[in-house]
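Please open the model in the viewer and keep the sequence at hand.

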Amino acid sequence: LTGMTFPVVIDPTLDLQVGAATNDAEQFSDDTVATGDPFFTNDSTTEHTGNRFIGTIPAGVTIDIARFGFYILGTVNDEPQHQLRGQSAAAPLAFSTASNNIDSRTRTTASHQWNSTGLGAADKGFWEWGAITVGAGNGTNIADIIQENVDTYGELTALVFIYEQHILDATRDLGQYFYDNSAADAAKLHIEYTAGGTVDIGDPFTAPEFGIRQQLLIGAY
């Protein structure tokens with residue numbers, strides 16, 4: 001504590017996971033949508049995969065790091081040539097089986113491409129978007145997608161990500177396990193952000209509040 005500089009700025013971290021059948025979905029080439037399947041292989045520019053995460057991001061924050069990932073079906077479904085965008089909304093709704101429910105959603109300008117002719121993904125290996133190596137912390141920083149929504153709408157209470165094959169190629173596909181296969185297999189989202197402004201907890205060594213502040217700080221660790 002003696003090395004701290006006051007006021008202290010707290011940078012929160014969010015680790016979110018898809019938590020319901022209607023928070024991941026697939027849209028087929030005929031625009032029908034399913035929300036209860038255990039997995040989906042996206043291999044067409046007319047197919048769309050959606051993942052929804054529930055969590056509050058305050059207005060005015062700066063998104064420093066964001067990584068979106070999921071469990072890939074295996075080596076036969078690990079040739080991404082896909083584009084990821086977010087839904088442009090402050091509180092995007094859960095998916096439904098209504099026709100065109102995924103593709104009809106307005107999307108962010110910010111996007112990220114994932115290209116690989118073969119990741120070598122083992123069944124249920126966890127891969128973050130844009131990664132060339134399996135595991136958390138290896139993916140592309142997609143902070144700009146979320147930042148676009150913060151800058152446009154202020155506080156966010158949910159986030160939706162949508163991807164599809166970007167250029168039609170029958171040999172390129174991306175298969176994802178969904179929540180309905182197992183809750184543990186659901187897609188994940190890691191976010192680190194800097195709050196707008198500072199949080200001043202005062203100088204804990206200044207009397208007469210030293211004892212109270214000291215207890216609060218010790219309790220936070």
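The model is predicted.

**First stop: a loop residue with positive phi.** Select D31, which is found in the loop between β2 (24-27) and β3 (33-34). The phi angle of D31 is near 75°, a positive value in a residue other than glycine. Most residues other than glycine have a negative phi. With a relative accessibility of 30%, D31 counts as partly exposed.

Select K124 next, in the loop between β8 and β9 (125-128). Here too phi is positive in a residue other than glycine, near 65°. K124 counts as partly exposed, at 36% relative accessibility.

**Third stop: the aromatic pairs.** Rings of Phe, Tyr and Trp pair if their centres lie within 6.5 Å. By this rule the count comes to twelve aromatic pairs. Select F53 and F161 to view one of them: the ring centres are 6.2 Å apart and the planes stand at 65°, so the pair is edge-to-face. Because F53 lies in strand β5 (residues 48-57) and F161 in strand β10 (residues 156-165), the pair ties together parts that are 108 residues apart in sequence. F53 is buried, with a relative accessible area of 0%, and F161 is buried as well, at 1%. Then extend the selection to F68, F70, W114, W129 and Y163, which ring pairs link with F53 and F161 into a cluster.

Display its surroundings: leaving aside residues up to four places away in sequence, N101 touches Q27, V33, A94, F95 and S96.

Select A195, in the loop between β12 (188-194) and α2 (210-219). A195 counts as partly exposed, at 23% relative accessibility. Finally, select I63 together with A195 and draw the C-alpha to C-alpha distance: the two residues are 132 residues apart in sequence and 8.8 Å apart in space.

Terms used: Residues are numbered from 1 along each chain as its sequence is written. This is a predicted model: local features need pLDDT of at least 70, side-chain atom pairs count only at pLDDT 80 or more; totals for chains, interfaces and linings use all residues. Side-chain values use heavy atoms; hydrogens and water are left out. Rings of Phe, Tyr and Trp (its six-membered ring) pair if their centres lie within 6.5 Å; planes under 30 degrees apart count as stacked, over 60 as edge-to-face and the rest as tilted. Helices (H or I, at least four residues) and strands (E, at least two) are DSSP runs, numbered from the N terminus. Buried means under 20% relative accessible area, exposed over 50%, partly exposed in between (1.4 Å probe, protein chains only). Contact means heavy atoms within 4.5 Å.
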